[in-house]
Amino acid sequence: MTTLEYTITNNLMAGLALRAIEERIPCFCNLSDADFENLEDTITVTIQCREEDVNFVKEQLAPFV
């Protein structure tokens with residue numbers, strides 16, 4: 001397992017990207033400061049996934065980093 005940590009934009013589209021990641025690959029996601037009702041600009045996400053899925057995660061989150 002590989003651990004990736006990103007600070008991403010806190011918006012609906014980023015939330016949908018995280019959901020797509022969770023639905024499509026085996027992984028563990030942890031959101032820090034993830035109160036989507038809160039209007040903070042960013043949240044921190046930690047994702048543990050297989051090495052072969054790292055590029056998929058990077059592609060999904062790239063627009064929000």
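Predicted model: local features only at pLDDT ≥ 70, side-chain atom pairs only at ≥ 80, totals over all residues.
Residues are numbered from 1 along each chain as its sequence is written. Local features need pLDDT of at least 70, side-chain atom pairs count only at pLDDT 80 or more, totals for chains, interfaces and linings use all residues, and side-chain values use heavy atoms, without hydrogens and water.

**Fold.** The chain holds two helices and three strands. These are DSSP runs numbered from the N terminus (helices: H or I, at least four residues; strands: E, at least two). Their order from the N terminus is β-α-β-β-α. Contact means heavy atoms within 4.5 Å. Of the contacts with a separation of 6 or more, 71% join residues 24 or more positions apart.

**Confidence.** pLDDT is the predictor's confidence in each residue, from 0 to 100. The chain averages 89, and 89% of the residues score at least 70.

**Burial.** Buried means under 20% relative accessible area, exposed over 50%, partly exposed in between (1.4 Å probe, protein chains only). Of the 65 residues, 34% count as buried.

**Helix 2.** Val 54, Val 57 and Leu 61 are buried here. Seen down the helix axis, the buried residues of helix 2 fall within an arc of 65°, so they line one face. The arc is taken from the directions from the helix axis to the C-beta atoms. Asn 55 and Glu 59, on the other side, are exposed. The cover over the buried residues includes strand 1 (2–9), helix 1 (12–24) and strand 3 (42–49).
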